[in-house]
Amino acid sequence: MATPEATAPPRNDAMTHRQILEALSGLLLVLFVAMTSATVVSTALPTIIGALNGNQSQYTWVVTASLLAATATTPVWGKLADLFSKKLLVQISIAIFVVGSIICGFAQNAGELIAARAFQGLGMGGLQALVQVVMAAMIPPRERGRYNGYLGATMALATVGGPLLGGLIVDTDWLGWRWCFFIGVPIAILALAVLQRTLNLAVVKRAGVSIDYAGAFLIAGGVSILLIWVTFVGSSFDWLSWQTAAMVAAGLLVLAFATWVESRVREPVVPLRVITQRTPALAIVASLSVGMAMFGGAVFLGQYFQIGRGYSPTEAGLLTIPMMAGVLISSTVSGRLITATGKIKPYIIGGTVVLVAGFAILGTIDHRTSLVLVGIGMFLVGTGVGMSMQNLVLVVQNTVALSDLGAASGAITFFRSLGGTIGVSVLGAVLASKVTANITDHLAAAGASPAPGGGDTSTLDLKALPPAFQQIVRAAYGDATGKIFLIAAVIAVVGVLAAAALPKVELRTTVDLADAGQDPEAATPLAEVAGGVGVEDATRTEGREIPTAGR
């Protein structure tokens with residue numbers, strides 16, 4: 001058994017509400033910057049790619065590169081948080097993100113921008129996973145609900161503000177598109193300074209720590225293969241093709257080997273004993289479903305408003321405010337109710353049901369639907385997300401010991417991101433197919449010739465088209481979008497079923513499971529790991545970080 005290199009402070013020396021808010025300000029600030037960096041390019045990317053003389057394939061990869069790096073490395077960051085200083089890892093993530101952002105801003109061609117975005121994605125993946133891990137290390141699950149409202153507000157502001165900011169930057173001559181990447185740098189540096197002063201997690205190191213490099217490499221590799229497949233299937237090659245067979249088989253084979261490795265190493269990146277328990281497993285399924293529905297559906301709202309309804313990028317961003325208002329209000333209210341009652345399952349079930357209802361309403365829209373009805377649907381979708389998404393992370397964190405907190409949080413964040421990526425690809429392929437069919441039908445009904453450019457609707461510049469054809473394209477997009485929201489509603493039903501199957505959960509009032517004197521799962525003893533290697537005794541503090549009130 002390893003000997004602690006430092007003496008842990010008393011466990012009751014917890015951070016006060018004010019100190020938590022001070023540290024949380026830095027965490028949420030950097031999370032806002034990371035999320036904004038992903039959304040700020042959504043309206044600016046056509047200008048960026050045009051300035052760099054890029055093509056359509058490179059356009060896709062500017063988005064995909066950062067998404068791949070962030071998603072594939074999330075579980076790795078989570079596991080590292082269980083082995084090393086969480087504060088140091090957050091600072092490293094910020095540094096990687098800042099350097100990546102600066103390189104993005106100075107890119108001279110599309111290839112350099114793609115590489116820089118991949119490097120930036122490494123930092124984004126760390127921040128997405130570590131912010132929630134640090135929050136869990138500071139705040140007991142019972143009290144964490146009240147702080148989830150701040151998290152929801154940050155997500156809402158970044159989602160709405162990003163596209164608006166991107167449009168403003170590219171339309172301002174004395175700024176230019178490069179400031180889409182530069183603008184987050186000073187904010188991230190400020191967050192780094194705030195965290196250095198306010199985040200105090202006393203570190204107690206342990207000897208003999210091993211890092212599962214093989215597992216990390218295999219998980220990242222297997223996931224990357226599958227994400228590359230879902231990015232290009234339906235556009236570059238068919239769903240039923242030799243490319244699909246080769247990539248899916250290779251990805252699943254690599255992940256199967258990764259699972260075998262994870263079951264035998266001493267410090268697995270993703271502890272199978274944690275994610276195979278009932279509560280984490282069901283929460284992961286629900287989070288995967290919510291991620292597919294939320295990201296896969298909501299990402300097309302901007303396209304609906306701009307192409308299907310003819311609004312500008314700035315107007316489209318403003319029209320999505322009802323959804324963000326739903327996230328903000330529901331996450332804040334449900335968080336406080338969860339803290340007051342200690343019960344979380346009813347809010348997760350309610351959130352998934354409301355999410356289905358919202359997408360069902362959006363499934364009825366076309367290019368002439370009242371914006372009031374669209375706003376109601378978006379508000380319900382946002383409300384469902386606010387009540388379920390972060391609470392699914394919380395319910396998993398409530399079931400694991402502090403020593404497994406990072407891996408468990410990273411796992412559920414990883415599966416949520418994976419679900420979102422799959423949702424975007426699948427629903428995007430459905431949308432493209434439906435749009436093409438709609439345009440063909442409308443042209444045939446009007447007795448007109450095929451679309452300019454041979455009917456390829458994916459790269460149409462509507463401003464360059466005749467007014468009559470513009471109306472056909474807008475109607476095609478507006479009518480097709482409702483179909484993908486209907487599919488999103490069906491996907492979200494899986495989340496309802498998984499949430500309903502969750503056991504009754506009572507949130508503990510301690511940071512560590514050992515201090516609660518109970519094991520909510522009672523499925524796999526915490527002192528047992530694959531291969532018979534014992535973990536630290538529940539009464540010891542080796543390798544843990546204890547929140548302190550000291551400066």
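**Exercise 1.** Classify I329 as buried, partly exposed or exposed.

Solution. The relative accessible area of I329 is 48%. Buried means under 20%, exposed over 50%, and partly exposed in between (1.4 Å probe, protein chains only). I329 is therefore partly exposed. The model is predicted: local features need pLDDT of at least 70, side-chain atom pairs count only at pLDDT 80 or more, and totals for chains, interfaces and linings use all residues. Residues are numbered from 1 along each chain as its sequence is written, and side-chain values use heavy atoms, with hydrogens and water left out.

**Exercise 2.** Which helix gives the most to the nonpolar patch?

Solution. Helices are DSSP runs (H or I, at least four residues), numbered from the N terminus. I329 lies in helix α15. Helix α15 (residues 321-341) contributes 4 residues, the most of any. The surface patch consists of L328, I329, V333, L337 and F379, with about 400 Å² of accessible area together.

**Exercise 3.** Classify the ring pair of W229 and W239.

Solution. Rings of Phe, Tyr and Trp (its six-membered ring) pair if their centres lie within 6.5 Å; planes under 30 degrees apart count as stacked, over 60 as edge-to-face and the rest as tilted. The whole structure holds 7 aromatic pairs. For W229 and W239 the centres are 5.7 Å apart and the planes stand at 85 degrees, so this pair is edge-to-face. W229 belongs to helix α9 (residues 213-232) and W239 to the loop between α9 and α10 (242-262), so the pair ties together parts 10 residues apart in sequence. W229 is buried at 15% relative accessibility, while W239 is partly exposed at 36%.

Notes: Patches are made of residues with over 30% relative accessible area and no salt bridge: like charges are joined within 9 Å, nonpolar side chains (Val, Leu, Ile, Met, Phe, Trp, Tyr) within 5 Å. Accessible areas come from the Shrake-Rupley method with a 1.4 Å probe; for residues, only the protein chains shown count as cover. A salt bridge is a side-chain nitrogen of Lys or Arg within 4 Å of a carboxyl oxygen of Asp or Glu. Helices (H or I, at least four residues) and strands (E, at least two) are DSSP runs, numbered from the N terminus.
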